[in-house]
Amino acid sequence: MSTPLPPLRRRRVLGALAGSAALAGCAQTVPGGGAASGARIRIGVASCCDQTKPQPIWDAVLAEAPDFFVFAGDNVYASRQPFDVAELRAAYALQSRVANFQRLRSTLPHTAIWDDHDYGLNDGGADFAHREASKAAFVDFWQVPADDERHGRPGLNHVRWVEREGRRVQLIVLDARWWRSPLKRTDQRGAPGKERYVPDADSAKTMLGAEQWAWLEQRLREPADAHLVVSGVQLLAEGHGFESWSNLPLERERFFRTVKASGARGVVLASGDRHIGGLYQHAALDAGYALWEITSSGVTHPWTTANEPGPNRIGPLVRERHYGVVEFDFAAGELTLALRGEANQVLHAHSVPLAALQPA
Ligand SMILES: [Fe+2]
(Lines give C-alpha, C1' and ligand atoms only; values in the text may rest on other atoms or scores of the structure.)
Protein backbone atom coordinates (compact mmCIF):
# COMPACT_ATOMS: atom_id res chain seq x y z
CA MET A 1 0.00 0.00 0.00
CA SER A 2 1.14 3.52 -0.57
CA THR A 3 2.15 6.44 1.53
CA PRO A 4 0.51 9.65 0.34
CA LEU A 5 2.88 12.55 -0.11
CA PRO A 6 2.31 15.81 1.73
CA PRO A 7 -0.17 18.24 0.19
CA LEU A 8 1.06 20.08 -2.84
CA ARG A 9 3.03 23.19 -2.49
CA ARG A 10 0.98 25.05 -5.03
CA ARG A 11 -2.59 25.39 -6.02
CA ARG A 12 -3.97 27.94 -8.35
CA VAL A 13 -7.25 29.14 -9.66
CA LEU A 14 -7.45 28.22 -13.27
CA GLY A 15 -8.79 31.32 -14.89
CA ALA A 16 -5.87 31.12 -17.26
CA LEU A 17 -7.17 27.82 -18.55
CA ALA A 18 -10.37 29.34 -19.84
CA GLY A 19 -10.70 31.22 -23.08
CA SER A 20 -8.01 29.20 -24.77
CA ALA A 21 -9.93 28.44 -27.92
CA ALA A 22 -7.18 30.07 -29.95
CA LEU A 23 -5.12 26.95 -29.29
CA ALA A 24 -7.68 24.64 -30.82
CA GLY A 25 -6.36 22.45 -33.57
CA CYS A 26 -8.08 20.05 -35.92
CA ALA A 27 -5.14 17.80 -36.62
CA GLN A 28 -3.67 15.14 -34.41
CA THR A 29 -0.31 16.83 -34.69
CA VAL A 30 -0.77 20.52 -34.17
CA PRO A 31 1.87 22.64 -35.89
CA GLY A 32 3.69 25.33 -33.97
CA GLY A 33 1.79 28.56 -33.54
CA GLY A 34 2.84 32.11 -32.76
CA ALA A 35 5.11 32.90 -29.85
CA ALA A 36 2.16 34.33 -27.93
CA SER A 37 0.44 30.97 -27.61
CA GLY A 38 3.25 29.44 -25.53
CA ALA A 39 4.14 25.77 -25.44
CA ARG A 40 0.99 24.40 -23.84
CA ILE A 41 -0.69 21.14 -24.67
CA ARG A 42 -4.17 20.53 -23.28
CA ILE A 43 -5.79 17.12 -23.49
CA GLY A 44 -9.43 16.65 -22.51
CA VAL A 45 -10.75 13.38 -21.10
CA ALA A 46 -14.22 12.06 -20.29
CA SER A 47 -16.00 8.79 -19.66
CA CYS A 48 -19.29 7.22 -18.65
CA CYS A 49 -21.73 8.52 -21.23
CA ASP A 50 -25.19 6.98 -21.36
CA GLN A 51 -26.41 7.49 -24.91
CA THR A 52 -30.02 7.85 -23.71
CA LYS A 53 -29.29 10.77 -21.35
CA PRO A 54 -28.74 14.51 -21.95
CA GLN A 55 -25.10 15.39 -22.61
CA PRO A 56 -24.63 19.12 -22.01
CA ILE A 57 -20.99 18.57 -21.01
CA TRP A 58 -19.90 18.41 -24.65
CA ASP A 59 -20.77 22.11 -24.99
CA ALA A 60 -18.26 22.87 -22.24
CA VAL A 61 -15.61 20.78 -24.02
CA LEU A 62 -16.32 22.63 -27.25
CA ALA A 63 -15.93 25.97 -25.44
CA GLU A 64 -12.62 24.86 -23.93
CA ALA A 65 -11.39 23.42 -27.23
CA PRO A 66 -8.48 21.33 -25.95
CA ASP A 67 -5.78 20.28 -28.41
CA PHE A 68 -6.89 16.66 -28.22
CA PHE A 69 -9.67 14.67 -26.58
CA VAL A 70 -9.79 11.17 -25.10
CA PHE A 71 -12.99 9.18 -24.68
CA ALA A 72 -11.83 7.01 -21.81
CA GLY A 73 -14.44 4.27 -21.79
CA ASP A 74 -18.09 3.50 -21.11
CA ASN A 75 -18.58 5.81 -24.06
CA VAL A 76 -21.98 4.18 -24.53
CA TYR A 77 -23.88 1.68 -22.40
CA ALA A 78 -24.70 -1.72 -23.92
CA SER A 79 -23.76 -4.39 -21.41
CA ARG A 80 -27.13 -6.00 -20.78
CA GLN A 81 -26.94 -9.81 -20.71
CA PRO A 82 -27.32 -11.91 -22.71
CA PHE A 83 -25.11 -9.65 -24.82
CA ASP A 84 -26.36 -8.77 -28.26
CA VAL A 85 -24.00 -6.84 -30.50
CA ALA A 86 -27.02 -5.33 -32.23
CA GLU A 87 -27.76 -3.50 -28.97
CA LEU A 88 -24.22 -2.15 -28.89
CA ARG A 89 -24.45 -1.00 -32.49
CA ALA A 90 -27.83 0.61 -31.74
CA ALA A 91 -26.28 2.40 -28.75
CA TYR A 92 -23.52 3.76 -30.98
CA ALA A 93 -26.09 4.80 -33.58
CA LEU A 94 -28.07 6.71 -30.96
CA GLN A 95 -24.89 8.36 -29.65
CA SER A 96 -23.87 9.41 -33.13
CA ARG A 97 -27.06 11.47 -33.37
CA VAL A 98 -26.24 13.63 -30.31
CA ALA A 99 -25.63 17.00 -31.95
CA ASN A 100 -22.94 18.49 -29.69
CA PHE A 101 -21.11 15.15 -29.50
CA GLN A 102 -21.17 15.04 -33.29
CA ARG A 103 -19.74 18.56 -33.39
CA LEU A 104 -16.99 17.60 -30.97
CA ARG A 105 -16.04 14.57 -33.04
CA SER A 106 -15.87 16.57 -36.21
CA THR A 107 -13.86 19.48 -34.78
CA LEU A 108 -11.47 18.04 -32.18
CA PRO A 109 -8.79 15.45 -32.84
CA HIS A 110 -9.58 12.56 -30.55
CA THR A 111 -9.20 8.91 -29.72
CA ALA A 112 -11.12 6.36 -27.65
CA ILE A 113 -10.81 3.22 -25.59
CA TRP A 114 -13.57 1.10 -24.17
CA ASP A 115 -14.45 0.18 -20.63
CA ASP A 116 -16.82 -2.56 -19.52
CA HIS A 117 -20.11 -1.06 -20.67
CA ASP A 118 -18.99 -0.56 -24.26
CA TYR A 119 -16.94 -3.77 -24.08
CA GLY A 120 -20.25 -5.52 -23.50
CA LEU A 121 -20.12 -7.02 -20.00
CA ASN A 122 -20.25 -5.24 -16.66
CA ASP A 123 -16.77 -5.61 -15.10
CA GLY A 124 -15.88 -7.91 -18.02
CA GLY A 125 -12.42 -9.19 -18.89
CA ALA A 126 -10.72 -11.77 -21.11
CA ASP A 127 -13.47 -14.30 -20.53
CA PHE A 128 -16.12 -12.20 -22.29
CA ALA A 129 -17.12 -14.39 -25.22
CA HIS A 130 -18.27 -11.60 -27.54
CA ARG A 131 -15.25 -9.31 -27.42
CA GLU A 132 -14.48 -9.76 -31.13
CA ALA A 133 -17.98 -8.59 -32.08
CA SER A 134 -17.68 -5.65 -29.66
CA LYS A 135 -14.32 -4.73 -31.13
CA ALA A 136 -15.77 -4.71 -34.64
CA ALA A 137 -18.55 -2.36 -33.50
CA PHE A 138 -15.98 -0.16 -31.74
CA VAL A 139 -13.69 0.25 -34.75
CA ASP A 140 -16.69 1.03 -36.95
CA PHE A 141 -18.12 3.67 -34.64
CA TRP A 142 -14.79 5.31 -33.88
CA GLN A 143 -13.77 5.13 -37.54
CA VAL A 144 -10.43 3.50 -36.83
CA PRO A 145 -8.50 3.92 -40.11
CA ALA A 146 -8.12 0.82 -42.30
CA ASP A 147 -4.34 0.82 -41.87
CA ASP A 148 -4.45 1.12 -38.07
CA GLU A 149 -2.58 -1.60 -36.17
CA ARG A 150 -5.65 -2.36 -34.04
CA HIS A 151 -7.29 -4.18 -36.94
CA GLY A 152 -4.56 -6.77 -37.18
CA ARG A 153 -4.11 -7.87 -33.59
CA PRO A 154 -6.07 -8.48 -30.38
CA GLY A 155 -7.07 -5.60 -28.11
CA LEU A 156 -7.49 -1.88 -28.65
CA ASN A 157 -4.38 -0.43 -26.99
CA HIS A 158 -2.70 2.19 -29.14
CA VAL A 159 -0.57 5.32 -29.13
CA ARG A 160 -1.25 8.86 -30.28
CA TRP A 161 1.02 11.88 -30.33
CA VAL A 162 0.00 15.44 -29.58
CA GLU A 163 2.58 17.99 -30.63
CA ARG A 164 2.87 21.77 -30.43
CA GLU A 165 5.84 24.01 -30.99
CA GLY A 166 8.36 21.23 -30.75
CA ARG A 167 6.86 19.72 -27.61
CA ARG A 168 5.51 16.18 -27.82
CA VAL A 169 3.08 14.40 -25.52
CA GLN A 170 2.71 10.69 -26.09
CA LEU A 171 -0.75 9.30 -25.36
CA ILE A 172 -0.53 5.65 -24.38
CA VAL A 173 -4.03 4.23 -24.42
CA LEU A 174 -4.22 0.91 -22.56
CA ASP A 175 -6.77 -1.84 -23.01
CA ALA A 176 -7.62 -3.03 -19.50
CA ARG A 177 -10.39 -5.39 -20.70
CA TRP A 178 -9.22 -7.67 -23.50
CA TRP A 179 -6.65 -9.68 -21.52
CA ARG A 180 -7.77 -9.02 -17.94
CA SER A 181 -8.00 -12.05 -15.66
CA PRO A 182 -11.07 -12.74 -13.51
CA LEU A 183 -11.12 -10.64 -10.34
CA LYS A 184 -11.50 -12.03 -6.84
CA ARG A 185 -15.03 -11.42 -5.66
CA THR A 186 -15.69 -9.93 -2.25
CA ASP A 187 -17.20 -11.96 0.53
CA GLN A 188 -19.06 -8.86 1.75
CA ARG A 189 -20.76 -7.24 -1.21
CA GLY A 190 -21.30 -3.54 -0.61
CA ALA A 191 -19.09 -3.34 2.48
CA PRO A 192 -16.98 -0.15 2.42
CA GLY A 193 -13.57 -0.87 0.93
CA LYS A 194 -14.60 -4.27 -0.45
CA GLU A 195 -17.78 -3.45 -2.31
CA ARG A 196 -17.29 -5.86 -5.23
CA TYR A 197 -13.73 -7.19 -5.23
CA VAL A 198 -10.78 -7.73 -2.93
CA PRO A 199 -7.08 -7.58 -3.85
CA ASP A 200 -5.74 -10.77 -5.41
CA ALA A 201 -1.97 -11.35 -5.33
CA ASP A 202 -2.16 -14.35 -7.67
CA SER A 203 0.92 -13.89 -9.86
CA ALA A 204 -0.74 -15.78 -12.72
CA LYS A 205 -3.38 -13.07 -13.10
CA THR A 206 -2.93 -10.17 -15.45
CA MET A 207 -4.40 -6.76 -16.13
CA LEU A 208 -2.77 -6.09 -19.50
CA GLY A 209 -1.64 -9.48 -20.76
CA ALA A 210 1.92 -10.41 -21.77
CA GLU A 211 1.64 -8.96 -25.26
CA GLN A 212 0.42 -5.56 -24.08
CA TRP A 213 2.99 -5.42 -21.27
CA ALA A 214 5.78 -5.91 -23.80
CA TRP A 215 4.20 -3.26 -26.01
CA LEU A 216 3.94 -0.81 -23.09
CA GLU A 217 7.57 -1.36 -22.12
CA GLN A 218 8.62 -0.44 -25.65
CA ARG A 219 6.33 2.53 -26.08
CA LEU A 220 7.33 4.17 -22.79
CA ARG A 221 10.90 4.23 -24.06
CA GLU A 222 10.00 6.46 -27.00
CA PRO A 223 11.30 10.01 -26.51
CA ALA A 224 8.59 12.41 -25.39
CA ASP A 225 8.26 15.50 -23.22
CA ALA A 226 5.48 13.71 -21.32
CA HIS A 227 3.44 10.52 -21.48
CA LEU A 228 -0.27 10.48 -20.69
CA VAL A 229 -1.27 6.89 -19.93
CA VAL A 230 -4.99 6.21 -20.24
CA SER A 231 -6.56 3.29 -18.38
CA GLY A 232 -10.33 2.81 -18.32
CA VAL A 233 -10.17 1.75 -14.67
CA GLN A 234 -8.39 3.65 -11.93
CA LEU A 235 -4.75 2.85 -11.28
CA LEU A 236 -3.69 4.90 -8.26
CA ALA A 237 -6.95 5.08 -6.32
CA GLU A 238 -7.30 2.99 -3.19
CA GLY A 239 -9.86 2.71 -0.44
CA HIS A 240 -12.69 1.22 -2.48
CA GLY A 241 -13.52 -2.28 -3.65
CA PHE A 242 -14.85 -1.52 -7.10
CA GLU A 243 -12.78 -2.31 -10.17
CA SER A 244 -9.30 -0.82 -10.21
CA TRP A 245 -5.69 -1.87 -10.57
CA SER A 246 -5.76 -2.33 -6.77
CA ASN A 247 -7.70 -5.55 -7.46
CA LEU A 248 -4.45 -6.95 -8.93
CA PRO A 249 -1.75 -5.33 -6.77
CA LEU A 250 1.13 -7.21 -8.39
CA GLU A 251 0.12 -5.81 -11.76
CA ARG A 252 0.01 -2.31 -10.33
CA GLU A 253 3.48 -2.74 -8.88
CA ARG A 254 4.61 -4.00 -12.27
CA PHE A 255 3.29 -0.80 -13.85
CA PHE A 256 5.36 1.27 -11.44
CA ARG A 257 8.47 -0.80 -12.12
CA THR A 258 7.85 -0.54 -15.86
CA VAL A 259 7.78 3.25 -15.64
CA LYS A 260 11.03 3.26 -13.73
CA ALA A 261 12.79 0.79 -16.04
CA SER A 262 11.76 2.80 -19.10
CA GLY A 263 13.35 5.97 -17.77
CA ALA A 264 10.26 7.86 -18.91
CA ARG A 265 9.74 11.22 -17.31
CA GLY A 266 6.47 13.11 -17.17
CA VAL A 267 4.22 10.04 -16.86
CA VAL A 268 0.67 11.08 -15.93
CA LEU A 269 -2.43 8.87 -15.70
CA ALA A 270 -6.02 9.38 -16.79
CA SER A 271 -8.94 7.07 -16.03
CA GLY A 272 -12.73 6.87 -15.85
CA ASP A 273 -15.32 4.22 -14.92
CA ARG A 274 -16.23 5.38 -11.43
CA HIS A 275 -19.03 7.91 -11.98
CA ILE A 276 -17.05 10.36 -9.90
CA GLY A 277 -14.17 12.70 -10.63
CA GLY A 278 -11.01 12.89 -8.56
CA LEU A 279 -7.31 13.70 -8.55
CA TYR A 280 -4.91 11.17 -7.10
CA GLN A 281 -1.27 11.09 -6.12
CA HIS A 282 0.75 8.02 -5.22
CA ALA A 283 4.28 8.06 -3.84
CA ALA A 284 4.95 5.09 -6.18
CA LEU A 285 8.55 4.69 -5.11
CA ASP A 286 8.91 1.77 -7.51
CA ALA A 287 8.12 4.18 -10.36
CA GLY A 288 10.99 6.48 -9.36
CA TYR A 289 8.77 9.47 -8.63
CA ALA A 290 5.28 10.31 -7.38
CA LEU A 291 2.61 9.65 -9.99
CA TRP A 292 -0.56 11.63 -10.61
CA GLU A 293 -3.90 10.52 -11.99
CA ILE A 294 -7.03 12.31 -13.07
CA THR A 295 -10.25 10.31 -12.96
CA SER A 296 -12.86 11.91 -15.18
CA SER A 297 -16.07 9.93 -15.10
CA GLY A 298 -19.28 11.80 -15.26
CA VAL A 299 -20.61 12.81 -18.64
CA THR A 300 -24.22 11.89 -17.98
CA HIS A 301 -24.88 10.18 -14.64
CA PRO A 302 -22.43 10.92 -11.83
CA TRP A 303 -22.79 9.15 -8.49
CA THR A 304 -24.14 12.13 -6.58
CA THR A 305 -24.04 10.45 -3.15
CA ALA A 306 -20.60 8.86 -3.49
CA ASN A 307 -18.41 8.90 -0.43
CA GLU A 308 -15.15 7.01 0.04
CA PRO A 309 -11.98 7.57 2.04
CA GLY A 310 -9.59 7.76 -0.94
CA PRO A 311 -6.22 7.67 0.84
CA ASN A 312 -4.43 8.75 -2.35
CA ARG A 313 -7.00 11.30 -3.39
CA ILE A 314 -6.05 14.97 -3.30
CA GLY A 315 -9.14 17.03 -2.51
CA PRO A 316 -12.81 16.19 -2.91
CA LEU A 317 -14.76 13.74 -5.00
CA VAL A 318 -16.46 15.53 -7.87
CA ARG A 319 -20.03 14.26 -7.92
CA GLU A 320 -21.61 16.38 -10.61
CA ARG A 321 -21.39 16.11 -14.38
CA HIS A 322 -17.87 16.92 -15.52
CA TYR A 323 -14.98 16.32 -17.86
CA GLY A 324 -11.24 16.62 -17.28
CA VAL A 325 -8.36 18.62 -18.73
CA VAL A 326 -4.71 17.61 -18.48
CA GLU A 327 -2.59 20.64 -19.27
CA PHE A 328 1.12 20.40 -19.89
CA ASP A 329 2.40 23.97 -19.71
CA PHE A 330 5.97 23.52 -20.87
CA ALA A 331 6.63 27.25 -20.85
CA ALA A 332 5.70 27.50 -17.17
CA GLY A 333 7.07 24.05 -16.32
CA GLU A 334 3.76 23.00 -14.85
CA LEU A 335 1.22 20.19 -15.09
CA THR A 336 -2.36 21.06 -14.20
CA LEU A 337 -5.10 18.50 -13.72
CA ALA A 338 -8.58 20.03 -13.77
CA LEU A 339 -12.14 18.76 -13.54
CA ARG A 340 -14.61 21.07 -15.23
CA GLY A 341 -18.40 21.33 -15.09
CA GLU A 342 -21.21 22.06 -17.50
CA ALA A 343 -20.49 25.79 -17.61
CA ASN A 344 -16.83 24.92 -18.20
CA GLN A 345 -16.15 26.14 -14.67
CA VAL A 346 -13.33 24.59 -12.69
CA LEU A 347 -14.74 22.22 -10.07
CA HIS A 348 -11.41 21.00 -8.76
CA ALA A 349 -7.84 21.43 -9.94
CA HIS A 350 -4.27 20.99 -8.89
CA SER A 351 -0.91 21.96 -10.34
CA VAL A 352 2.41 20.19 -10.04
CA PRO A 353 5.85 21.25 -11.28
CA LEU A 354 6.74 19.13 -14.31
CA ALA A 355 10.22 18.87 -12.84
CA ALA A 356 8.73 16.69 -10.08
CA LEU A 357 7.73 14.07 -12.64
CA GLN A 358 11.14 12.50 -13.04
CA PRO A 359 13.45 10.43 -10.89
CA ALA A 360 15.22 12.51 -8.24
FE1 LIG B 1 -16.81 1.03 -16.31
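Start by looking at handedness: helices α1 and α3 cross in a left-handed way. Bear in mind as you go that this is a predicted model.

To see that crossing, select residues 57-64 for α1 and residues 99-107 for α3. Their axes come within 8 Å and cross at roughly 30 degrees. Angles under 35 degrees count as roughly parallel, so α1 and α3 are roughly parallel to each other.

On the α1 side, pick W58, D59, V61 and L62; on the α3 side, pick N100, F101, R103, L104 and T107. Those residues make the contact between the two helices. Colour them by class and you get 5 nonpolar, 2 polar and 2 charged.

Next stop: the second pair. Select residues 209-219, which form helix α6, and residues 249-262, which form helix α7. How do their axes cross, and at roughly what angle? They come within 10 Å and cross at roughly 25 degrees. With that angle, α6 and α7 are therefore roughly parallel to each other.

Left-handed or right-handed, this crossing of α6 and α7? Right-handed.

Finally, show the side chains here too. From α6, take W213, L216 and E217; they meet E251, R254, F255 and T258 of α7. Colour this contact by class as well, and α6 with α7 gives 3 nonpolar, 1 polar and 3 charged residues.

How values were computed
Residues are numbered from 1 along each chain as its sequence is written. This is a predicted model: local features need pLDDT of at least 70, side-chain atom pairs count only at pLDDT 80 or more; totals for chains, interfaces and linings use all residues. Side-chain values use heavy atoms; hydrogens and water are left out. Axes are lines fitted to C-alpha atoms, for helices over the stretch in contact, and angles run from 0 to 180 degrees between N-to-C directions. Helices (H or I, at least four residues) and strands (E, at least two) are DSSP runs, numbered from the N terminus. Angles under 35 degrees count as roughly parallel, over 145 as roughly antiparallel, 65 to 115 as roughly perpendicular and the rest as oblique. A crossing is left-handed if the near helix is turned anticlockwise from the far one by less than a right angle, and right-handed if clockwise. Contact means heavy atoms within 4.5 Å. Ala, Val, Leu, Ile, Met, Phe, Trp, Tyr, Cys and Pro count as nonpolar, Asp, Glu, Lys and Arg as charged, and the others, Gly among them, as polar.
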